[in-house]
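Let us walk through this structure together, one feature at a time. Have a look at it first, and then read on.

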Amino acid sequence: MTVAIGETEKKMAGAPLLAGILGVLALLSMFAAAATPDPLFRIHAYLLMAAFTLGAGGMVVGISTGGFRETDRYMDGVIRAGAVASMFWAIVGLLVGCVIAAQLAFPDIFYFPDFGFLNFGRLRPLHTSGVIFAFGGNVLICTSFWVVQRTCKARLFGGVLPWFVFWGYQLFIVLAATGYLLGITQSKEYAEPEWYIDLWLTVVWVAYLVTFLGTIWKRQENHIYVANWFYLAFIITIAILHLVNNAALPTGLLSTKSYVVWSGVQDALIQWWYGHNAVGFFLTAGFLAIMYYFVPKRAERPVYSYRLSIVHFWALIFIYIWAGPHHLHYTALPQWAQTLGMTFSVMLWMPSWGGMINGLMTLQGAWDKLRTDPVIKMLVVSIAFYGMSTFEGPLMSVRAVNSLSHYTDWTIGHVHSGALGWVGFVSFGALYMLFPWLWRKQGLYSLKLVDWHLWIASTGLVLYIASMWVSGIMEGLMWRAYTPEGFLQYSFVETVSAKHVSNVVRLLGGLLYLTGAGIMAFNLWKTVRMPSVAAGNSPVDALPAPNPLAPATLPAE
């Protein structure tokens with residue numbers, strides 16, 4: 001199906017304006033590079049100048065050659081770019097994670113005194129941001145663009161705006177990553193980039209919201225499928241969290257340094273209001289949207305209970321936003337605020353497990369597929385990890401448990417069970433489905449390789465989590481051990497030494513998980529190189545497309 005020529009011309013209307021804006025930004029970046037006394041800011045100014053120049057040039061070439069005159073019903077080129085970027089950043093982020101795990105296990109070997117940018121303090125935020133925002137963020141953007149078009153039966157809104165969102169987000173990732181290596185950071189967990197990088201992300205995120213919301217606005221379906229509710233909640237809430245937590249005053253317009261406007265216990269509360277809800281809305285709500293679309297698609301079954309999915313949505317977004325203070329037990333935060341965060345965290349058991357049950361029960365009548373389809377097996381494993389991590393999280397928020405677990409490796413194990421088990425596997429499952437659809441292949445190159453990926457990565461994940469549980473509980477018990485005279489029984493360095501074996505096992509687990517991702521990258525590359533099928537004959541074309549709200553349907557196509 002094609003779109004009308006007049007409609008295509010409208011899609012090009014914003015291209016000259018965007019090219020002009022990028023050209024102006026390139027000039028401003030050049031002037032900033034020449035005028036700044038800050039050598040680190042100059043590096044980023046040159047980087048911005050290069051990016052804006054390439055962007056403006058690309059827009060001019062696209063306009064002159066008619067590259068923006070796409071006539072397909074849906075805008076899938078930007079989704080293909082997002083899928084490839086997701087896999088690339090997954091490998092990079094996991095590789096850096098293995099490097100810093102090696103530094104913890106063997107500090108004498110992997111410590112580089114002459115190369116400060118290669119040491120743990122700078123690589124650790126590179127790893128967390130690489131896995132969460134680079135890999136996870138690209139997965140969310142590309143899957144949301146796929147889902148919103150198919151469930152709304154409408155092409156992406158904004159003409160070239162989706163491409164600006166994609167490339168603008170890649171620029172944010174590069175700025176943040178190079179900033180970490182250079183030492184440009186405001187030292188806020190999950191929010192390390194400095195003020196000018198935050199401003200750029202704000203512009204990109206507003207464009208993302210406009211694209212997504214505009215597509216829903218011009219939808220051809222009466223109903224808004226539940227996956228879009230979760231995507232929209234993720235986009236809007238992350239925007240609010242980002243703006244409030246990163247409110248800062250720069251020391252100068254040509255300086256990398258800024259000071260956060262919040263201070264003291266207010267800064268701590270806002271940071272963990274942001275930090276926990278970055279987990280809640282970036283790593284939970286957004287990926288639940290993926291679950292609600294891709295699991296029914298792969299199972300070829302309807303969502304078990306659409307009503308439960310709506311209850312799950314409203315309960316989750318209302319309760320999650322209050323849970324952040326449980327990160328601040330036994331601090332200067334008032335006791336009532338700590339108790340409030342703990343109470344709402346425990347309440348999260350209900351909506352979280354309601355979503356897990358809804359996802360698993362969607363396979364009702366299709367459980368036999370678990371024997372033959374490793375992709376759906378991977379999706380089911382991800383839902384199981386979602387259930388386990390959302391049980392463990394509320395448990396760890398209880399003050400008595402938190403007194404043992406906080407600041408220990410137990411928290412590290414919990415975070416990775418959710419990030420690698422839930423987020424990682426549901427993302428891998430979605431990408432395994434998207435690649436054949438986007439490149440119009442009959443199927444994946446090898447389902448056997450998917451099975452290898454699942455079992456190798458699962459083994460690595462179990463080793464990782466188990467080693468951190470053992471290490472964390474041991475660490476917490478050693479910290480609270482006293483001699484009969486009332487002195488601490490163990491010094492801090494003794495607790496570090498006692499964790500050596502656990503750190504080695506963690507490294508092994510991380511290497512296995514990275515190996516699985518490498519197998520996946522090879523499988524997807526071979527899939528793309530397979531012969532394409534004619535339009536109308538690919539698996540995605542064959543899927544049914546009924547009303548998404550009907551009780552026995554798949555998400556609309």
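This is a predicted model: local features need pLDDT of at least 70, side-chain atom pairs count only at pLDDT 80 or more; totals for chains, interfaces and linings use all residues.

**Charges, rings and a helix**

Residues are numbered from 1 along each chain as its sequence is written, and side-chain values use heavy atoms, with hydrogens and water left out.

R150 gives another example, as R150 lies over the face of W146, at 3.5 Å from the ring centre. W146 belongs to helix α5; helices here are DSSP runs of H or I with at least four residues, numbered from the N terminus. Helix α5 covers residues 120-152, and at 1.5 Å a residue its 33 residues should span 48 Å, which agrees with end C-alpha atoms 45 Å apart. The expected span is 1.5 Å times one less than the number of residues. At G130, α5 bends by about 35 degrees, the angle between axes fitted to the seven residues ending there and the seven starting there. Because 29 of its 33 residues are buried, α5 is largely enclosed by the rest of the structure; buried means under 20% relative accessible area (1.4 Å probe, protein chains only).

Now for the rings. A search of the whole structure finds 39 aromatic pairs, where rings of Phe, Tyr and Trp (its six-membered ring) have centres within 6.5 Å, and planes under 30 degrees apart count as stacked, over 60 as edge-to-face and the rest as tilted. W146 and W437 form a stacked pair, 5.3 Å centre to centre with 20 degrees between the planes. This pair links helix α5 to helix α16 (residues 409-438), across 291 residues. Both W146 and W437 are buried. The rings of F425 and Y513 are tilted, because their planes stand at 35 degrees, with centres 5.9 Å apart.

Finally, look at the largest nonpolar core, which has 142 residues; Y169, F234, F282 and F294 have the most contacts inside it. Such a core is a set of buried Ala, Val, Leu, Ile, Met, Phe, Trp, Tyr and Cys residues joined through side-chain atoms within 4.5 Å. Its largest share, 16 residues, comes from helix α9 (residues 264-299).

Conventions:
Helices (H or I, at least four residues) and strands (E, at least two) are DSSP runs, numbered from the N terminus. Buried means under 20% relative accessible area, exposed over 50%, partly exposed in between (1.4 Å probe, protein chains only). A charge sits over a ring if NZ of Lys or CZ of Arg is within 6 Å of the ring centre and within 35 degrees of the ring normal.
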